[in-house]
Amino acid sequence: ILIFTFTGIATPTNATPLFNIVVDTLLTVSGFLGWFVFRRWYVVGNTDRQALELKGLLEEEQIKTSALLEYITDGVLVVNKNEVVEIANISAATMLGWEKNEVVGLNYKSIFKMSSGETPPENVVDDSTNAITTTLHSGAPSKQVLQVVTHHNRQLYINMVVSPIHQ
């Protein structure tokens, strides 16, 4: 800590000694407070620097993950424990006959219907045998080959792989 005074600079030379001491003390205190405020608000500490570096790395990883998710050809949906789609990539939305922004926020059961692949296609897979519901309840990965009836009643055979993401 550097404490300094402005004796003779800030006070008139013909002032009383008591006045000079009071003014010098006030200038010293204001200089110290100014330094403290400057250091507190404008100088980044070591932990703040580390937090900024981590924030930058996290943002960089989010950009990479988003790019990877958007440009893979596999359809990817992220469904929360309430069965609501939180993230969908373009491939998934296109395969299911939706726009990407329309899918997010919907219950996955309203986006497509799962069928066992048998005729007729209305033979919907029961929730108890559905890979998504199974994984949501058990917390274990599951997979299933089935027929999906899309938004525009298009029928697709898919290999569904469901993996839990623990947060």
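Contact here means heavy atoms within 4.5 Å. The model is a predicted one.

Start with Leu96. This residue lies in the loop between α3 (90-95) and α4 (100-103). Its relative accessibility is 10%, so Leu96 counts as buried. What is Leu96 in contact with, leaving aside its neighbours within four places in sequence? The partners are Leu77, Ile111, Phe112, Val148, Thr150 and His151. Gly75 is 21 residues from Leu96 in sequence. In space, the two C-alpha atoms are 9.0 Å apart.

Asn89 sits in the loop between β2 (85-88) and α3. Is Asn89 buried or exposed? Buried means under 20% relative accessible area. Asn89 has 0% relative accessibility and therefore counts as buried. Its side chain reaches two backbone nitrogens. One belongs to Val76, which lies 2.9 Å from a polar atom of the Asn89 side chain. The other belongs to Ala92, also reached at 2.9 Å.

Val37 is found in helix α1, which spans residues 17-42. At 43% relative accessibility, Val37 counts as partly exposed, because that class lies between the buried limit of 20% and the exposed limit of 50%. Val37 belongs to a nonpolar surface patch.

Conventions:
Residues numbered from 1 in each chain as written. Predicted model: local features only at pLDDT ≥ 70, side-chain atom pairs only at ≥ 80, totals over all residues. Heavy atoms only, no water. Patch = residues over 30% accessible without salt bridge, like charges linked within 9 Å, V, L, I, M, F, W, Y side chains within 5 Å. Areas by Shrake-Rupley, 256 points an atom, 1.4 Å probe, with all protein chains shown as cover. Salt bridge = Lys/Arg side-chain N within 4 Å of Asp/Glu carboxyl O. Helix = DSSP H or I, 4+ residues; strand = E, 2+ residues; numbered from the N terminus. Buried < 20%, exposed > 50% of the residue type's maximum accessible area, 1.4 Å probe, protein only. Polar contact = N/O pair within 3.5 Å; in protein donor to acceptor, adjacent residues only side chain to side chain.
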